[in-house]
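Work through the exercises below with the sequence and the 3D structure at hand. Each task is followed by a solution in steps.

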Amino acid sequence: MSCTILRGTEFAEAIKSEVKSEIDRLARERGYRPCLAVVRVGEDPASAVYVGNKIKSSEEVGIISEHRHFDDTVSSDELLRVVQELNQRDDVDGILVQLPLPKRVDERSILEAIDPAKDVDGFHPMNVGRLSQGHASLVPCTPAGVIEILKRSKIDIEGKHAVIVGRSNIVGKPMAMLLLRENATVTICHSRTADLPAITSQADILVAAIGRAGFVRDEHIKEAATVIDVGINRVDDADLARELFTDDDLPKRLAAIEKRGFTLAGDVSYKDAVAKAGAFTPVPGGVGLLTVAMLMKNTVDAAKARRT
Ligand code: NDP
């Protein structure tokens, strides 16, 4: 059977276009544009790219963005003061602290200091609690994006067995809550799960959020399943790339390793997924694009909830 490739580009563009229309309406009828403040610490190149993408997308949809960048000597107290100031500012609708923070910063106390009404990443315990109780809340962007991909692709969730590999606070756990909210039967797996393939191979919907390139292989996948690959990993080993990618895809992957030292791969073997799954999200070009689009949506939702 053939595998449908679920490309993030078209879904992300559709969401951003809906968000832009809503922002234009708010500007016209209510006289404001939502404002997102992004706090970044240190010089981690991946964080710099992610923050750059968030600011660029904000500009594209008409969100006012503010970028606060601190060097990695910044103290927890200083960051707490910044969060408090942003909490108090009436013009700021969303606050995002880019993770990871340096080890010596108390990440939890910073995230818990964010006003839950402005918590556009959905990581505050208040929003996590609301989500687990099934109430409307600001929901973490990556799992929210996965639900959008499933719904916009008309893939049934209700009554299906969804298996998530990974139980992090930012992906695995909220993913489970969102799939439960959509009436899936949900199983969560992790590094201590016994006989992982026996469980994942029962999944109608398999979500991989592990952080290990090509970990999910043929034996983990049920025939015709929908496989959602959340992982983003750097692969610098040409032999591993030969295992993971199809003959069509491989030359450009090897060229990327040659040229810049790595190619990006998900947690699922691309080769095995396209051979066995019914639908599959590629990496890059899959879930990652939805994460930023959902951040834009959360910022508008936060603004509308605060400013009514
Ligand atoms: P974490 O490292 O926080 O969590 C990884 C999870 O995978 C843990 O629950 C861990 O289990 C589980 N795990 C690790 N090894 C195994 C194994 N051998 N068998 C089964 N389970 C295992 O990662 P994140 O959730 O933050 O991220 C996961 C991936 O998603 C990463 O590649 C990350 O880059 C990517 N990501 C992508 C985003 C996007 O926008 N597309 C956004 C966020 C993340 P245990 O709890 O037992 O240790």
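A charge sits over a ring if NZ of Lys or CZ of Arg is within 6 Å of the ring centre and within 35 degrees of the ring normal. This is a predicted model, in which local features need pLDDT of at least 70 and side-chain atom pairs count only at pLDDT 80 or more, while totals for chains, interfaces and linings use all residues. Residues are numbered from 1 along each chain as its sequence is written, and side-chain values use heavy atoms, with hydrogens and water left out.

**Exercise 1. Charges over rings**

Task: Find what lies over the face of phenylalanine 262, and what sits over the ring of tyrosine 32.

Solution. Step 1: Over the face of phenylalanine 262 lies arginine 234, at 3.9 Å from the ring centre. Step 2: Over the ring of tyrosine 32 sits the charged end of arginine 307, 4.2 Å from the centre.

**Exercise 2. Confidence**

Task: State the mean pLDDT of the chain, and find the elements with the lowest and the highest mean.

Solution. Step 1: pLDDT is the predictor's confidence in each residue, from 0 to 100. Its mean over the chain is 97, and 100% of the residues reach 70 or more. Step 2: Helices (H or I, at least four residues) and strands (E, at least two) are DSSP runs, numbered from the N terminus. The lowest mean among these elements, 94, belongs to helix 2 (residues 45–61), and the highest, 99, to strand 7 (residues 205–208).

**Exercise 3. Helix 3**

Step 1: Buried means under 20% relative accessible area, exposed over 50%, and partly exposed in between (1.4 Å probe, protein chains only). In helix 3, Ser76, Leu79, Val82, Val83, Leu86 and Asn87 are buried.

Step 2: Contact means heavy atoms within 4.5 Å. The buried residues of helix 3 pack against strand 2 (35–41), strand 3 (64–70), strand 4 (94–97) and helix 4 (107–113).

**Exercise 4. Aromatic pairs**

Task: Say how many aromatic pairs the structure holds, and which residues form one aromatic cluster.

Solution. Step 1: Rings of Phe, Tyr and Trp (its six-membered ring) pair if their centres lie within 6.5 Å; planes under 30 degrees apart count as stacked, over 60 as edge-to-face and the rest as tilted. The structure holds 2 such pairs.

Step 1: One is tilted, between phenylalanine 245 and tyrosine 270, with 6.3 Å from centre to centre and 45° between the planes. Phenylalanine 245 lies in the loop between helix 9 (238–244) and helix 10 (250–260), and tyrosine 270 in helix 11 (residues 270–276), so the pair ties together parts that are 25 residues apart in sequence. Both residues, phenylalanine 245 and tyrosine 270, are buried.

Step 2: Tyrosine 270 also forms an edge-to-face pair with phenylalanine 280, 5.7 Å centre to centre and with 70° between the planes. Phenylalanine 280 is in strand 11 (residues 279–280), 10 residues from tyrosine 270. Tyrosine 270 and phenylalanine 280 are both buried.

Step 3: Phe245, Tyr270 and Phe280 form one aromatic cluster.

**Exercise 5. Leucine 264**

Task: Is leucine 264 buried, partly exposed or exposed, and which residues is it in contact with?

Solution. Step 1: Leucine 264 is found in strand 10 (residues 263–265). Its relative accessible area is 23%, so leucine 264 is partly exposed. Step 2: Neighbours within four places in sequence left aside, leucine 264 is in contact with Ile232, Asn233, Arg234, Phe245, Arg253, Val283 and Pro284.

**Exercise 6. Backbone details**

Task: Describe the peptide bond from valine 283 to proline 284 and the phi of lysine 154.

Solution. Step 1: The bond from valine 283 to proline 284 is cis, with omega near -5°. Proline 284 lies in the loop between strand 11 and helix 12 (287–306). Step 2: Lysine 154 is not a glycine, yet has a positive phi of about 60°. Lysine 154 lies in the loop between helix 6 (141–152) and strand 5 (161–165), and at 71% relative accessibility counts as exposed.
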